[in-house]
Amino acid sequence: MDAAAFWDRAAEAYARRRISDPGAYEAALARVKSRLRPEDRVLELGCGTGSTALRLAPCVATYVGTDLSGAMIAIAEEKRRTSAQGNLIFRQAGVARAAAPGEDVDAVLAFNLLHLLPDLAKGLGSMRDVLRPGGVFISKTPAIGEKWRYRPVVAAMRALGKLPAMSLLKVAQIDRAIAEAGFEILETDLLPPSLPSRFVVARKR
């Protein structure tokens, strides 16, 4: 099953799922908001059902949320219509085609996405390319590779079709990949530290 089909099938359950660590989620949102400006044009990749986009869109001028899954985008669009958030757009697209031709943005956001990319370096390159010079890239990525006990669990769940293909990244790998893609890392944290989940703010060089 390809990634789009997996997330299409999972969309309804994903939309009902509660945030596992609300404190870490709110802390990350606050850190992201502190980096965004009212005049910014923002692109979020892998936006899922749009919950985070709806929280962040009021902080900026324009906000585009994209996801590979059409079912996820349909749920996000229904949320947008209910909220009447006028500066928010959702569209179905993978990372390489997330931006419209000729479009550049002030900030690219990628939450719980980098470990799902089949080619991390290529994906980060696409994110860098749509940023204006000096634009910011903000990501939060499960560093599953830091916990060896997760490996058999992930393998078993993938075999059962309960998880998509993913990379078991470590914190150092995430930081190195972002730096090697042409970003200057400005800020890092573990939100939450228990997984850990790597939070990174970087600037396009």
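Apart from neighbours within four places in sequence, Glu 187 is in contact with Arg 31, Arg 35, Phe 199, Val 200 and Val 201, contact being defined as heavy atoms within 4.5 Å. The model is predicted, with local features requiring pLDDT of at least 70 and side-chain atom pairs counted only at pLDDT 80 or more, while totals for chains, interfaces and linings use all residues. Residues are numbered from 1 along each chain as its sequence is written, and side-chain values use heavy atoms, with hydrogens and water left out.

Glu 187 lies in strand β6, which spans residues 183-190; strands are DSSP runs of E with at least two residues, numbered from the N terminus. Glu 187 counts as buried because its relative accessibility is 17% (buried, under 20% relative accessible area; exposed, over 50%; partly exposed, in between; 1.4 Å probe, protein chains only). The Glu 187 side chain makes polar contacts with the side chains of Arg 31, at 2.5 Å, and Arg 35, at 2.9 Å. A polar contact is a pair of N or O atoms within 3.5 Å; within protein, one must be able to donate a hydrogen and the other to accept it, and residues adjacent in sequence count only if both atoms are side-chain atoms.

Zero disulfides were found in a search of the whole structure, a disulfide being a pair of cysteine sulfur atoms within 2.5 Å. Cys 47 is in no disulfide, and the nearest cysteine sulfur, that of Cys 59, is 16 Å away. Cys 47 is buried, at 7% relative accessibility, whereas Cys 59 is partly exposed, at 25%.

Notes. Helices (H or I, at least four residues) and strands (E, at least two) are DSSP runs, numbered from the N terminus.
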